[in-house]
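Here is a briefing on one chain. Look at the model first, then read the points by topic.

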Amino acid sequence: MALVSAKEMLEKAVAGHYAVPAINLNNLEWTKAVLKGAQEMNSPIIVQVSEGAGKYMAGFKNVADIVNNVIENQGITVPVALHLDHGTYNGAYKCIEAGFSSIMFDGSSLPIEENLAKTAELAKVCAEKGLSLEAEVGAIGGEEDGVVGMGECADPDECKKIADLGITMLAAGIGNIHGVYPEGWPGLQFDVLQAIKDKVGDMPLVLHGGSGIPEDQIKEAISKGVAKINVNTECQIAFAEATRAYIEAGKDKAGKGFDPRKLLAPGAQAITDMVKTKIEIFGSAGKA
Ligand SMILES: [Zn+2]
């Protein structure tokens with residue numbers, strides 16, 4: 001099945017009160033493992049790369065080729081959107097050119113007027129090409145220079161302004177952060193989420209930093225309009241732990257256990273298992 005825009009799958013998710021997992025990719029193993037998990041659960045899926053991961057994977061064109069080839073080779077029939085995560089203005093155009101089906105333009109670090117102008121332009125381009133577009137206002141915190149913030153919140157009026165530009169989905173900080181959540185994190189700010197939802201209506205909302213948010217908070221967020229949840233750190237940790245266990249058990253020293261197809265298999269399975277767990281929690285199982 002060819003790549004699809006995230007628009008239809010997210011509109012269905014809002015109507016059906018569930019969320020579609022958006023899983024960051026890092027390499028071929030990740031791509032195979034994530035798509036396998038989605039197929040086994042019959043769930044729609046968004047696979048995404050940051051610009052850094054795109055560079056690591058030898059460019060956006062290569063990312064698109066890998067995803068398309070894995071879809072064909074593994075017989076993937078569930079809807080798959082290939083998305084740029086936290087794209088710059090130039091990165092957005094590169095991914096449109098490379099064949100991505102969904103784009104995030106993150107202008108949240110720009111002055112709001114510039115963010116609105118660039119988002120409006122990209123909304124028009126993406127609409128013409130049948131691609132979905134995610135925009136962001138406010139900032140989503142995380143570790144910067146070793147200092148971990150406690151999460152920031154977006155301004156609901158700014159959310160309304162950007163939502164009205166013809167975008168598909170909106171990322172807005174509600175106290176969520178990227179990476180591992182720090183000790184003493186106060187949790188998601190549901191009053192802010194509700195205030196944003198009241199302004200933007202049925203616009204699918206995106207929760208970044210989905211790794212490590214307690215399940216009850218994830219479910220409450222979904223009930224208030226979150227339809228795309230980004231997961232990255234948890235897959236990375238699951239991969240690293242499974243790989244460590246394999247090596248610490250001495251399996252790479254036994255027979256041909258050093259063969260990368262054997263060495264990386266437990267980590268890949270751990271990613272598949274993590275994706276399936278997320279699909280279960282987010283409620284997207286059987287919604288393909
Ligand atoms: Zn993010």
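Helix axes are lines fitted to C-alpha atoms over the stretch in contact, and angles run from 0 to 180 degrees between N-to-C directions. Helices (H or I, at least four residues) and strands (E, at least two) are DSSP runs, numbered from the N terminus. With those terms, helix 2 (residues 28-41) and helix 4 (residues 60-73) have axes that come within 10 Å and cross at roughly 45°.

This is a predicted model: local features need pLDDT of at least 70, side-chain atom pairs count only at pLDDT 80 or more, and totals for chains, interfaces and linings use all residues. Residues are numbered from 1 along each chain as its sequence is written.

**Overall chain**

- The chain has 12 helices and 10 strands.
- Its radius of gyration is 18 Å, close to the 19 Å that the globule rule gives for 288 residues, so the chain is as compact as a globular protein of that length. The radius is taken over C-alpha atoms, and the rule is 2.2 Å times the number of residues to the power 0.38.
- The C-alpha trace spans about 60 × 45 × 40 Å along its principal axes.
- Of the 288 residues, 48% count as buried. Buried means that 20 or more other C-beta atoms lie within 10 Å of the residue's own; exposed means 12 or fewer; partly exposed is in between; C-beta atoms are placed from the backbone.
- Take the contacts between residues at least 6 apart in sequence: 71% join residues at least 24 apart. Two residues are in contact if their C-beta atoms, placed from the backbone, lie within 7 Å.

**Helix 2 with helix 4**

- Angles under 35 degrees count as roughly parallel, over 145 as roughly antiparallel, 65 to 115 as roughly perpendicular and the rest as oblique.
- Helix 2 passes helix 4 in a right-handed crossing. A crossing is right-handed if the near helix is turned clockwise from the far one by less than a right angle, and left-handed if anticlockwise.
- Helix 2 contributes Leu28, Thr31, Lys32 and Leu35 to the contact, and helix 4 contributes Ile66, Val67, Val70 and Ile71.
- These residues divide into six nonpolar, one polar and one charged. Ala, Val, Leu, Ile, Met, Phe, Trp, Tyr, Cys and Pro count as nonpolar, Asp, Glu, Lys and Arg as charged, and the others, Gly among them, as polar.
- Isoleucine 66 lies in helix 4. It has 20 C-beta neighbours inside 10 Å and so counts as buried.
- Beyond four places in sequence, isoleucine 66 touches Leu28 and Thr31.
- Lysine 36 sits in helix 2. With 19 C-beta neighbours inside 10 Å, lysine 36 counts as partly exposed.
- Leaving aside neighbours within four places in sequence, lysine 36 is in contact with Gln74 and Thr272.

**Helix 4 with helix 5**

- Helix 4 packs on helix 5 (residues 89-98) at an angle of about 40°, with the axes 9 Å apart. Helix 4 is therefore oblique to helix 5.
- This crossing is right-handed.
- Phe60, Lys61 and Ala64 of helix 4 meet Lys94, Cys95 and Ala98 of helix 5.
- By class, the contact has four nonpolar, no polar and two charged residues.

**Helix 10 with helix 12**

- The axes of helix 10 (residues 233-248) and helix 12 (residues 265-282) come within 8 Å and cross at roughly 145°.
- The crossing of helix 10 with helix 12 is right-handed.
- Residues of helix 10 in the contact include Glu234, Cys235, Phe239 and Tyr246; among those of helix 12 are Pro266, Ile271 and Met274.
- The residues of this contact divide into 10 nonpolar, three polar and two charged.
- Tyrosine 246 and lysine 36 are 210 residues apart in sequence and 21 Å apart in space, C-alpha to C-alpha.

**Positive phi in loops**

- Most residues other than glycine have a negative phi.
- Asparagine 42 has a positive phi of about 50° although it is not a glycine. It is in the loop between helix 2 and strand 2 (45-49). With 14 C-beta neighbours inside 10 Å, asparagine 42 counts as partly exposed.
- Alanine 58 has a positive phi too, near 70°. Its place is the loop between helix 3 (51-56) and helix 4. With 11 C-beta neighbours inside 10 Å, alanine 58 counts as exposed.
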